[in-house]
Amino acid sequence: MSNLIIDDISMRFELPNGGAVQALQNVSLNLKSGELMSVLGPSGCGKTTLLNIVAGFLAPTEGKVILNDHVVTGPAAERGMVFQQGALFEWMNVRKNIAFGPDMAGKPAAETQEKVESLLQIVGLKDFADKMIYELSGGMQQRVALARCLANDPDVILMDEPLGALDALTREKMQGLVLKLWKETGKTIILITHSVEEALLLGERLVVMAPRPGRIHKEYNLPFAEMGVGKDLRLVKKEKRFGEVREEILTMIWDMEEEIMGRQEDVA
Amino acid sequence: MIILFIYIAIFVAAMIGYKLISGFLTKKDDFTSLKTVTFGDESAVISNRAASIISIVAIFLIWGSFTGSKIVPSFLHVSGPYVGETSFTYEAKDASGATDTGTIKAVVHPVSEPAEKPVVDEAANTGFAKDAAEKVITYRSILVSKSDLLENPSEQEIVSVDGKAIAPNGSVQIDTGEVRMTAKGSLAYEPTKGLQMESIWLPAPEAVVTRLIEISSEGYQNVTLGENLGWSIYRVIVGFTLGSIVGIPLGYAMGLNGWFRGWFDPIVEFMRPVPPLALIPLIIIWFGIWETGKISLLFLAALWIMVIAARSGVSGVSISKVHAAYSLGASKSQLLWKVIVPNSLPEIFTGARVAMGVCWGTVVAAELVAAEKGAGKMIIAASKFQNTDIVLMGIILIGIIGYGIDIMMRMAENYLVPWKGKG
């Protein structure tokens, strides 16, 4: 029921020196409830801008975002957000961070408490509930961020490179966790990433964006997310098709970067 | 100059001595001692506890030895002023070329121990150059008039002292001091002062402690020590509190609203670099010298610091925290109270520490200018009566209280904002 419609969005920033940047041009996407979509693209292709528009932090110059039959005009609890890092409230402990959304909404404490406990269980932070944020490792902090977002029970979860600051091993574990949460909660998720592998693993749908102006370049429907739920992601990566798609996308992005550079180089 | 050299000597000696001793005593194998690169590695530089202790001891040692203190063994005292009996002879010549000698006896005594003039042996006091006897207080000098020494001063004059020739405006060193001749031919004797400081310049440590005990029970000029310090602290707390009550909300408003920022920025940026002390004359003209004036001054001293602290506290909230709070459903007022205020607390505490320090310095200075009671008033009053021991005691207490305030602020900070610097 929670259909997310991104309807023909364009975004144009006026620059102080009189010029303008076309950050997005005629981007349209339609997400069904429970869909997991990853967005990939070279730097400057407007993926973060797109996410900020869906979150309601920015108003598009043209077009609109529609969720549950109403137009998005600003940030709201129905669209949760997970940031790369630094968005946790370090003056609160883990439990209070997770309970932030329900507390702000004035939900009954007992109900919130119950929810927080179950989320702590799900993200595996049962023993760290009373720790302060600065006592946790980067991976644990991102688990808190995920749990905090889920505690609010949003219709759509927007993830802006949520695993970008983590080391490779933690990142792989967290990718498994994201898949698990997606399957268990049935949330609609949009995930922005720089990593091609991550985009393949964590996207039923994968959108590749191109820069200047930011636009959708190509879209894939992939089986790997479904495959990876509850499994060793390394097995998924060994799939023949996985390798093929990865090479295809890498080449695609490589070419885009070349184009941005404005020169051709011999690629060995 | 001498003191500086002695201080440097103690510093070097203690450093070398400590190295030698500690090298024998301890064999360290903690992480830092295993580092091979220490010069330039700031984290390998650990404040040496022994050095801190020796440093404090050294200060008291120098203080004690230059004031003849009882807390320092007497063999460490630098030479003190000459005390005791002394005498020197002089030779006088008359117009015909005949000479005669006289003896001047003097007893040199500290001001606290009165003494009697030595007796002149009148039987041996013959000739035109007479003997004389004087008493001199240490660090002072005595003038022996020519007319008291010579029978006929207009025709006779003194030509030498202890066998050394002397002329008007000249001087001769004797064992126990210096004899100068004035332009009119009289003699002035100044006993050796030694290297020790007169207590009017620098009292001994125990004199300061004695004064502390005396003043904390009896008070100085009818005001007890507790009252003096209490008034100063009271002014600081009231001024700082008022400054914070106005400054912090103003800083928040400037951090959150463009109109407020535009309106107050010129005022704040102009007032911030004006030292509070420069406002004292204006404050006195406007508010008088009583409490209103001093508290207004401290209010102004704290205000700008707290405004800037609160403003930069708001600016320090990362945009992703704000976005996160909004997308978790927070309203504007919830964002303010649950995110912006706690997030700016570390900055505000830093500002509060600075403001308290500035206020403490300002209150003492303001009391120096005008006050009935207060730490600054106490030392300025004492200085007018040359009660150096009270001045010194006051300065030490002001230092201790200032340091105490900072430590208390730091403890409060650690307790209230444990996440500071760990975001």
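Reader: Which residues have the most contacts inside the largest nonpolar core?

Author: In general, nonpolar side chains in soluble globular proteins tend to be buried together. Here the largest nonpolar core has 87 residues, and those with the most contacts inside it are A:Val54, A:Ala147, A:Leu158 and A:Ile190. Helix H5 (residues 138-151) of chain A is the top contributor to this core, giving seven residues. Apart from it there's another core, of 49 residues, among them B:Tyr220, B:Leu303, B:Val358 and B:Ile398. A nonpolar core here is a set of buried Ala, Val, Leu, Ile, Met, Phe, Trp, Tyr and Cys residues joined through C-beta atoms within 7 Å. Buried means 20 or more other C-beta atoms within 10 Å of the residue's own, exposed means 12 or fewer, and partly exposed is in between, with C-beta atoms placed from the backbone.

Reader: Where do these names and numbers come from?

Author: This is a predicted model, where local features need pLDDT of at least 70 and side-chain atom pairs count only at pLDDT 80 or more, while totals for chains, interfaces and linings use all residues. Residues are numbered from 1 along each chain as its sequence is written, and chains are lettered from A and ligands numbered from 1 in the order in which they are written.

Reader: Back to that core, then. What does A:Leu158 touch?

Author: Leaving out residues up to four places away in sequence, A:Leu158 touches A:Leu51, A:Val54, A:Ala55, A:Arg79, A:Gly80, A:Met81 and A:Ile190. Touching, or contact, means C-beta atoms, placed from the backbone, within 7 Å.

Reader: What does the radius of gyration of chain A tell me?

Author: You set it against a globule rule, 2.2 Å times the number of residues to the power 0.38, with the radius taken over C-alpha atoms. With 268 residues, a compact globule would come out near 18 Å, and chain A has 19 Å, which agrees. Chain A's C-alpha trace spans about 60 × 45 × 35 Å along its principal axes, and 44% of its residues are buried. For chain B's 423 residues, the globule figure would be near 22 Å, but chain B has 33 Å. Its C-alpha trace spans about 115 × 65 × 40 Å along the principal axes, and 31% of chain B's residues count as buried.

Reader: How do I read a single helix? Which residues of H6(A) are buried?

Author: An α-helix has 3.6 residues a turn, so residues three or four places apart point the same way. In H6(A), the buried ones are A:Met174, A:Gln175, A:Val178, A:Leu179, A:Leu181 and A:Trp182. They cover an arc of only 160° around the axis, which puts them on the same side of H6(A); the arc uses directions from the helix axis to the C-beta atoms. On the other side, A:Leu169 and A:Glu184 are exposed. The buried residues of H6(A) pack against several elements of chain A, including H5, strand E8 (188-193) and helix H7 (196-201).

Reader: What about H5(B): how far apart are its end C-alpha atoms?

Author: They're 20 Å apart, which agrees with the 20 Å that its 14 residues should span at 1.5 Å a residue; the expected span is 1.5 Å times one less than the number of residues. H5(B) buries B:Val208, B:Arg211 and B:Ile215, and their arc of only 60° puts them on the same side. The face turned away from that side carries the exposed residues B:Ile213 and B:Ser217.

Reader: Which residue has a positive phi although it is not a glycine?

Author: Most residues other than glycine have a negative phi. A:Glu161 has a positive one, about 45°, and sits in the loop between strand E7 (156-160) and helix H6 (168-185) of chain A. A:Glu161 is partly exposed, with 19 other C-beta atoms within 10 Å. In chain B, B:Asp162 also has a positive phi, near 50°.

Methods. Helices (H or I, at least four residues) and strands (E, at least two) are DSSP runs, numbered from the N terminus. Two residues are in contact if their C-beta atoms, placed from the backbone, lie within 7 Å.
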